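Welcome! Here is a short briefing to read alongside the picture, taken one topic at a time.

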Amino acid sequence: MKFLNQKEAIAVDEELFNEYKFSVDQLMELAGLSCAHAINDCYGNKTNNKKVLVCCGPGNNGGDGLVAARHLVLLNFEPYVYYPTKQSKELFVNLTHQCESMGIQVSQECPTLEWVDNNIGLVIDALFGFSFKPPVRESFTSIMNVLIETKVPVVR
């Protein structure tokens, strides 16, 4: 298996947008759906705790996380979304609305390490995508510490 570096991932994205005319909405839906199915394939029968914390960042990767949460409900998981910097763009407002309409709790309050370790079976890290450039903003340090210290599996 080969992992793409940042430059290669950007090139794939540009090709999908420019040559194949995919929209952001389409790519987000495909990414979130694929992520949800990969999680189901890897963890669906291996855990009794179907509660999933989905940590969503402000960019398209966060949008992918919102879509994944929606599809995870359909795969019998119980997602809880941590979305600290909700976006005002229509696409993100709609994705958040879709999650909430399906009964998914979307919160801007950072979960504690204790809460995650005691209540969650799996964490999805959809905070930053391939365009991320350090340093991590202070508003994300609390959740980053939870992700580093938790005993719960984290999918990135």
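## A guided look at this model

P135 sits in the loop that runs between β4 and α6 (141-149). The peptide bond leading from P134 into P135 is cis, with omega near 5°. Keep in mind as you read that this is a predicted model.

- Most residues other than glycine have a negative phi, and most peptide bonds are trans.
- K21 has a positive phi of about 60°, although it is not a glycine.
- You can find K21 in the loop between α1 and α2.
- With a relative accessible area of 62%, K21 is exposed, because the cut-off for that word is over 50%.
- N76 is another residue other than glycine with a positive phi, in this case near 70°.
- Look for N76 in the loop between α3 and β2 (78-82), where its relative accessibility of 61% makes it count as exposed.

**The sheet**

- Strands of a sheet pair through backbone hydrogen bonds, either parallel or antiparallel.
- Here, 5 strands form an open sheet in the order β3-β2-β1-β4-β5, and the pairing is parallel.
- Which strands stand at the edges? They are β3 (105-107) and β5 (154-155); each has a single partner strand, so one side of each is left without a neighbour in the sheet.
- The parallel pairing of β4 with β5 runs over 2 bridges.
- V123 has V154 in β5 as its bridge partner.

**The nonpolar cores**

- The largest nonpolar core has 22 residues, and those touching the most other members are I39, V52, V54, L66, L72, V81 and Y83.
- Two or more residues of this core come from each of α2, β1 (51-56), α3, α4 (90-101) and β4.
- Which element provides the largest share of this core? It is α3, with 4 residues.
- A second, separate core has 13 residues, including Y80, Y82, F140 and V152.
- V54 is in contact with G65, A69, P79, Y80, V81, Y82 and I124, leaving aside its neighbours within four places in sequence.

**A closer look at V67**

- V67 belongs to helix α3.
- Is V67 buried or exposed? It is buried: its relative accessible area is 1%, and buried means under 20%.
- Once neighbours within four places in sequence are left aside, the contacts of V67 are M28, E29, G32, L33 and L95.
- Although V67 and M28 are 39 residues apart along the chain, their C-alpha atoms are separated by 7.1 Å.

**The largest pocket**

- Rolling a probe the size of a water molecule over the atoms shows where empty space is left.
- The largest pocket in this model has a volume of about 1300 Å³.
- It is lined by 39 residues, and the closest to its centre are N61, D64, F128, G129 and F130.
- The elements giving two or more residues to this lining are α1 (6-18), α2 (24-43), α3 (60-74) and β4 (122-126).
- Among the elements, α2 gives the most to the lining, with 7 residues.
- What kinds of residues make up the lining? They divide into 23 nonpolar, 9 polar and 7 charged.

How values were computed
Residues numbered from 1 in each chain as written. Predicted model: local features only at pLDDT ≥ 70, side-chain atom pairs only at ≥ 80, totals over all residues. Heavy atoms only, no water. 1 Å grid on protein atoms, 1.4 Å probe; cavity = no way out; pocket = protein on both sides within 12 Å on 5 of 7 lines; lining within 4 Å. Points joined across faces, edges and corners; volume = space filled by probe spheres on them. Nonpolar A, V, L, I, M, F, W, Y, C, P; charged D, E, K, R; others polar. Core = buried A, V, L, I, M, F, W, Y, C linked by side-chain atoms within 4.5 Å. Buried < 20%, exposed > 50% of the residue type's maximum accessible area, 1.4 Å probe, protein only. Contact = heavy atoms within 4.5 Å. Pairing = 2+ DSSP bridges.
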